[in-house]
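Visitor: I have a structure to look at and a few questions about it. Could you take me through it one residue at a time?

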Amino acid sequence: MRKEAVRYLRCPYCSGGLTMTDGALRCSQGHSFDVAKQGYVNLLRGAAKFSADTAEMVAARADFLAAGHFAPIAAALAALARETAPAPTGGDPGCVVDIGGGTGYHLARVMSEFPGSEGVLLDISKFAARRAARAHPRTSAVVADAWDALPFADGAASVVLNVFAPRNPAELRRMLRPEGVLLVVTPRPDHLRELVEALGLLRVDEQKDERLADRFSAHFTEVARERSRSTMTLDHQAVPRLVGMGPNAWHQQGERLKERVALLPEPCDVTLSVTLTAYRPLV
Ligand SMILES: C[S@@+](CC[C@H](N)C(=O)[O-])C[C@H]1O[C@@H](n2cnc3c(N)ncnc32)[C@H](O)[C@@H]1O
Ligand SMILES: [Zn+2]
């Protein structure tokens with residue numbers, strides 16, 4: 001946890017400001033949260049939820065992303081962040097936040113566009129938070145539930161990212177400054193289509209973009225929408241990592257997956273297809 005990032009956070013119990021002393025974040029009401037030796041802080045109210053990515057899923061994600069297969073998404077996200085972020089005013093620039101940010105791969109790429117800002121990643125998985133805390137020299141990581149009240153101060157963020165992860169529009173609006181921007185990446189129906197067919201993976205809801213727009217319309221105005229579509233070339237090691245790093249990991253395991261992967265061509269072309277949407281908070 002970087003001391004420069006603490007001012008953007010708030011106590012999950014009383015919403016008061018936090019300060020960092022003796023290896024812990026503390027509010028004036030006496031609530032305190034230890035900084036783990038791996039650098040992240042757990043601000044979860046209550047026990048960890050079962051939706052948290054496991055150590056195996058996070059390791060699969062880290063390996064898969066390190067090979068650069070999702071680089072087109074990170075590049076498109078960074079470009080959209082640069083184009084839509086509020087212009088610097090000379091005051092506090094506000095932080096860059098990634099909600100459900102996993103290992104910090106996308107946040108680290110986006111941080112290079114914001115040299116004077118702090119990056120804070122929130123994820124419910126401590127395994128993700130451990131990696132995210134060292135994803136970039138200016139990132140900090142907190143463990144918290146994206147569905148709950150978020151441990152960020154009102155108007156703390158100038159940019160919020162949300163990539164293939166849960167989102168709570170009312171809280172995202174509260175934590176964004178009025179001129180800030182929320183960037184959401186969602187899969188399109190043809191995302192990973194070759195593997196959906198061959199391996200029986202979960203399908204993307206055809207109405208996903210429309211449902212997202214509906215849920216956001218009470219809190220945000222859409223200001224940009226673009227698509228990123230490209231082809232990944234994957235070998236037989238990369239495919240199980242891709243399956244194992246996301247929600248399919250809960251359904252697809254072991255020998256059956258190995259058998260099906262063995263039947264794929266090698267290398268195998270797989271479609272990467274997402275929508276990136278930029279939103280401004282309604283004020
Ligand atoms: C499909 S992964 C995407 C990770 C990252 N955004 C990326 O694209 O590399 C979904 C992430 O959301 C996290 N997650 C799941 N439920 C969550 C919740 N309720 N609150 C916060 N994070 C959650 C998981 O632990 C996981 O890291
Ligand atoms: Zn408190």
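Visitor: Is Phe-70 buried or exposed?
Guide: The model is a predicted one, and the accessibility here is computed from it. A residue counts as buried when its relative accessible area is under 20%. Phe-70 has a relative accessibility of 2%, so Phe-70 is buried.

Visitor: Where in the chain is Phe-70 found?
Guide: Helix H1 covers 55-66 and helix H2 covers 71-84. Phe-70 is found in the loop between H1 and H2.

Visitor: Which residues is Phe-70 in contact with, leaving aside its neighbours within four places in sequence?
Guide: Contact requires heavy atoms within 4.5 Å. With the sequence neighbours left aside, the residues in contact with Phe-70 are Phe-64, Leu-65, Tyr-105, His-106, Phe-164, His-191, Met-232, Leu-242, Met-245 and Leu-272.

Visitor: Which residues does the UniProt annotation "binding site" cover along with Phe-70?
Guide: The annotation comes from an unreviewed UniProt entry.

Visitor: Is Thr-103 buried or exposed?
Guide: Thr-103 is found in the loop between strand E5 (95-99) and helix H3 (105-111). Leaving aside neighbours within four places in sequence, its contacts include Val-58, Arg-61 and Ala-128. The relative accessibility of Thr-103 is 10%, and the cut-off is under 20%, so Thr-103 is buried.

Visitor: Which residues is Cys-27 in contact with, leaving aside its neighbours within four places in sequence?
Guide: His-31 is in contact with Cys-11 and Cys-14, among others, when neighbours within four places are left aside. Cys-27, on the same terms, is in contact with Cys-11, Cys-14, Gly-17 and Leu-18.

Visitor: How do the residues lining the second largest pocket divide into nonpolar, polar and charged?
Guide: The second largest pocket has a volume of about 260 Å³. Of its 19 lining residues, the closest to the centre are Pro-86, Ala-87, Pro-88, Pro-93 and Phe-114. H2 and strand E9 (176-187) each supply at least two residues of the lining. The lining divides into eight nonpolar, six polar and five charged residues.

Methods. Residues are numbered from 1 along each chain as its sequence is written. Chains are lettered from A and ligands numbered from 1 in the order in which they are written. This is a predicted model: local features need pLDDT of at least 70, side-chain atom pairs count only at pLDDT 80 or more; totals for chains, interfaces and linings use all residues. Side-chain values use heavy atoms; hydrogens and water are left out. UniProt positions are given in the numbering used here, feature names are shortened, and annotations may be inferred rather than shown by experiment. Helices (H or I, at least four residues) and strands (E, at least two) are DSSP runs, numbered from the N terminus. Buried means under 20% relative accessible area, exposed over 50%, partly exposed in between (1.4 Å probe, protein chains only). On a 1 Å grid over the protein atoms alone, a cavity is a set of points where a 1.4 Å probe fits but cannot get out, and a pocket is an open set with protein on both sides within 12 Å along at least five of seven lines; lining residues have an atom within 4 Å of a point. Grid points are joined across faces, edges and corners, and a volume is the space filled by probe spheres set on the points. Ala, Val, Leu, Ile, Met, Phe, Trp, Tyr, Cys and Pro count as nonpolar, Asp, Glu, Lys and Arg as charged, and the others, Gly among them, as polar.
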